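Subject: Structure handover

Dear colleague,

Please find the structure below, for your files. My notes on the fold, the core and the disulfides follow it.

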Amino acid sequence: MKLILILALLLITTVLGSSQAIPEAHSCRQRPDVIGKCFSVHGRLSVYNGTPSIRLWPMGTKRLLGILDPNDVSNAPGPTILPLDIKNKLDWDKDVFGDFIVCPLTRQQSGRMQTVCIASGKNLVVREHKLTDR
């Protein structure tokens with residue numbers, strides 16, 4: 001009986017431990033091409049026509065951050081560029097406002113869109129996209 005209990009606890013520990021390791025392995029922070037410290041951005045995440053099609057506007061600025069994998073020619077936003085729980089909230093007709101942790105994939109340059117990946121987001125609010133915002 002004790003052996004069965006020990007095996008059950010070992011199985012539960014293994015399953016719980018592996019389920020927590022999977023998201024971390026696909027985290028933006030783990031990308032080898034992150035070139036600096038990740039930072040916090042309060043802003044609006046939206047879908048645009050053009051490349052990159054997903055962009056983050058840090059509120060109170062005139063900047064746009066591009067959510068793009070510079071090493072992926074398909075430019076498909078995968079889990080290491082944008083967490084799936086955030087991607088699933090985003091649509092042509094919806095914007096996502098919130099506090100995002102982003103990691104730089106290119107250096108910031110005046111007059112150029114910096115490419116970043118999104119590690120996480122909190123306080124997320126989904127709103128209908130308004131054409132007058134742009």
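Two strands are taken as paired if DSSP finds at least two bridges between them. Helices (H or I, at least four residues) and strands (E, at least two) are DSSP runs, numbered from the N terminus.

This is a predicted model, in which local features need pLDDT of at least 70 and side-chain atom pairs count only at pLDDT 80 or more, while totals for chains, interfaces and linings use all residues. Residues are numbered from 1 along each chain as its sequence is written, and side-chain values use heavy atoms, with hydrogens and water left out.

Barrel

On those terms, 5 strands form a closed barrel in the order 1-2-3-5-4, with mixed pairing. Direction ignored, neighbouring strands of this sheet are turned by 50° against each other on average (axes are lines fitted to C-alpha atoms, for helices over the stretch in contact, and angles run from 0 to 180 degrees between N-to-C directions). Strands 3 and 5 run parallel and are joined by 3 bridges; leucine 65 stands opposite glutamine 114 in strand 5.

Core

A nonpolar core is a set of buried Ala, Val, Leu, Ile, Met, Phe, Trp, Tyr and Cys residues joined through side-chain atoms within 4.5 Å. Buried means under 20% relative accessible area, exposed over 50%, and partly exposed in between (1.4 Å probe, protein chains only). The largest such core has 21 residues, and Leu45, Leu56, Ile67 and Phe100 are among those with the most contacts inside it. Two or more residues each come from strand 1 (39-47), strand 2 (54-58), strand 3 (65-67), strand 4 (94-104) and strand 5 (114-128). Leaving aside residues up to four places away in sequence, phenylalanine 100 touches, among others, Phe39, Leu45, Leu56, Ile86, Ile118 and Leu124 (contact means heavy atoms within 4.5 Å).

Disulfides

The whole structure holds 2 disulfides (pairs of cysteine sulfur atoms within 2.5 Å). In one, the sulfur atoms of cysteine 28 and cysteine 117 are 1.7 Å apart. Cysteine 28 lies in the loop between helix 1 (2-25) and strand 1, and cysteine 117 lies in strand 5, 89 residues apart. Both cysteine 28 and cysteine 117 are buried.

Cysteine 38 counts as partly exposed because its relative accessibility is 26%, whereas cysteine 103 is buried at 0%. In sequence order, the bonded cysteines pair 1-4, 2-3.

Regards
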